[in-house]
Amino acid sequence: MSVSSITIPCLQLPRRFPSQKPPARRRSKVGSVSLPKIYAVDQSSSPSVQTPQRTTKLPLRKIPGDYGPPVLGALKDRQDYFYNQGREEYLKSRMQRYESTVYRTNMPPGPFISPDPRVVVLLDGKSFPVLFDNSKVEKKDLFTGTYMPSTELTGGYRVLSYIDPSEPSHQKLKQLLFFLLKYRRDKILPEFHSVFSELFDTLEKDLAATGRAKYNDPGEQAAFNFLTRSLYGVNPANTKLGQDAPKLIGKWVLFQLGPVLNLGLPKCAEELLLRTIRLPPALVKADYQRLYDFFYQSSAAVFEEAEKLGISKEEACHNLLFATCFNSFGGMKIFFPNMLKWLGRAGATLHGRLAEEIRTAVKSHGGEITMAAMEQMPLMKSVVYESFRIEPPVPVQYGRAKHDLVIESHDAAFEIKEGEMICGYQPFATRDPKIFDRADEFVPDRFIGDGEKLLQHVLWSNGPETQSPSLKDKQCVGKDFIVFISRLLVVELFLRYDTFDVEAAVSSLGAAVTVTSLKKASF
């Protein structure tokens with residue numbers, strides 16, 4: 001089998017970056033970029049998603065729930081969220097208590113890191129999309145929820161994920177990341193094949209040696225190698241960074257997400273170390289500097305584009321680092337093991353159907369993996385979408401009401417006041433039984449044929465799957481890129497193997513996957 005080098009769009013030095021807060025910049029005009037359809041950018045000025053107006057048929061109901069006494073209520077809820085119940089039971093039990101998918105509660109981390117933990121929770125597929133409507137909600141500094149990590153962790157800059165579409169820098173920075181996705185797009189497919197073939201070789205050797213092969217560590221190294229080799233044309237193994245990136249990124253991410261993670265430590269230790277005070281950014285400054293130096297030295301062409309957009313090299317580099325290491329690498333770190341977990345559990349019958357479909361399509365295109373060949377794999381595409389539906393990689397989204405508004409669940413309408421924080425828990429919205437049959441089951445062919453109509457309810461990218469990201473919204477810049485490489489993983493897997501078995505355990509971010517068998521392709 002050979003891999004064609006086709007045209008596909010793609011994601012996303014001063015020796016020390018500035019520690020002081022950067023000066024304000026004048027607004028610059030954003031130029032247009034022409035992208036192929038799969039990565040087309042909607043540059044219209046209207047919001048990408050319009051929330052339906054309230055229908056008069058639904059009764060107006062007061063939002064149930066409460067926050068408890070100041071400080072103590074939030075502390076009690078935090079204990080339930082992390083230790084007494086766990087996240088899903090915490091949300092589900094209150095939904096059942098109030099008989100409503102919309103209610104008031106506290107979300108972590110709470111005191112003393114979060115200034116205000118009070119939110120209105122949305123747990124159904126009808127109310128959730130209000131979080132995508134820029135005319136109704138603001139996303140400024142809400143990427144991680146009710147608190148924002150120190151900008152010392154991103155070189156003193158607020159990076160794109162924390163910037164609302166109404167802010168002047170949003171369009172410039174998002175345009176730059178679209179350029180990154182487009183710039184070396186024809187390297188994506190061959191680099192993926194090369195890097196993940198190396199990963200499969202490693203798994204086979206480990207399996208032969210011990211009878212078990214842990215996926216996560218070599219999978220994370222492969223993810224970072226793929227991103228840097230395809231998007232930046234640099235193999236980190238040939239630089240001072242070496243093979244250290246996944247470890248450095250993991251520490252850096254912990255300092256940002258620690259307050260909302262459960263690491264499995266003793267409760268007193270987690271409460272003291274992660275949720276009482278912020279971890280000092282100085283402890284990871286040297287690690288971050290190594291990542292920054294790598295990206296600064298690897299991004300010359302992207303810096304040229306940044307200059308045209310009026311973005312300094314330093315600000316561009318911090319955003320490239322965040323987009324690649326937090327957004328893209330983080331997405332692959334979480335989603336790839338999760339998808340392998342669901343595929344492994346689905347069993348040999350599904351594996352046989354996928355192998356037949358994928359190999360037939362590739363054979364009909366001269367033995368090459370091409371975009372045209374992948375379009376002839378409806379089951380493969382459906383399996384990827386179903387993986388995003390049943391376990392989205394970013395489960396929680398936040399927004400703040402710009403003005404008084406009315407939202408609707410399936411059963412009632414609710415009034416939300418200006419300034420109130422809204423929190424949507426996506427796994428409940430995308431497993432809404434009033435939208436999906438067998439909502440809690442992994443149904444591989446769910447999105448084939450008429451099932452494609454349900455793609456509007458797949459929301460993992462901070463927007464519906466049927467929408468493309470725009471310069472004026474907060475939908476993931478790399479939405480189509482992540483879908484594409486997720487499809488590539490399934491294609492490469494079943495070109496090489498007839499079936500496989502895995503064991504999966506829970507980790508702080510995604511699943512910990514161990515491969516227990518790999519059956520080589522027999523036809």
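View 1. Leu272 is exposed, with a relative accessible area of 56% (exposed is over 50%, buried under 20%, partly exposed in between; 1.4 Å probe, protein chains only). Leu272 sits in helix α7, residues 267-274 (helices are DSSP runs of H or I with at least four residues, strands are E runs of at least two, both numbered from the N terminus). Together with Leu263, Leu265 and Leu273, Leu272 makes a nonpolar surface patch of about 350 Å². Patch residues have over 30% relative accessible area and no salt bridge, with nonpolar side chains (Val, Leu, Ile, Met, Phe, Trp, Tyr) joined within 5 Å; a salt bridge is a Lys or Arg side-chain nitrogen within 4 Å of an Asp or Glu carboxyl oxygen. Areas come from Shrake-Rupley with a 1.4 Å probe, and for residues only the protein chains shown count as cover.

A word on the model: this one is predicted, with local features needing pLDDT of at least 70 and side-chain atom pairs pLDDT 80 or more, while totals for chains, interfaces and linings use all residues. Residues are numbered from 1 along each chain as its sequence is written, and side-chain values use heavy atoms, leaving out hydrogens and water.

**View 2. Phe226 in the largest nonpolar core.** This core has 116 residues, and Phe196, Phe226, Trp252, Ile358 and Ile485 touch the most other members (a core is a set of buried Ala, Val, Leu, Ile, Met, Phe, Trp, Tyr and Cys joined through side-chain atoms within 4.5 Å). Helix α10 (residues 313-346) gives the most to this core, with 16 residues. Skipping residues up to four places away in sequence, the contacts of Phe226 include Phe192, Phe196, Met332, Phe481 and Ile485 (contact means heavy atoms within 4.5 Å).

**View 3. Helix α13 and its cover.** Of the 13 residues of α13, 12 are buried, so this helix is largely enclosed by the rest of the structure. The buried ones include Lys381, Glu386 and Arg389. Among the elements covering them are α10, α11 (348-363), α12 (371-375) and α15 (479-496).

**View 4. Cys423 in strand β10.** Cys423 lies in β10, residues 421-425, and is buried at 1% relative accessible area. Beyond its neighbours within four places in sequence, Cys423 contacts Met107, Val119, Val120, Val121, Leu122, Val396, Gln397 and Tyr398.

**View 5. Arg94, a buried arginine in helix α2.** Arg94 belongs to α2, residues 87-98, and counts as buried at 4% relative accessibility. Leaving out neighbours within four places in sequence, its contacts are Asp77, Asp80, Gln85, Tyr103 and Thr105.

Key. Patches are made of residues with over 30% relative accessible area and no salt bridge: like charges are joined within 9 Å, nonpolar side chains (Val, Leu, Ile, Met, Phe, Trp, Tyr) within 5 Å.
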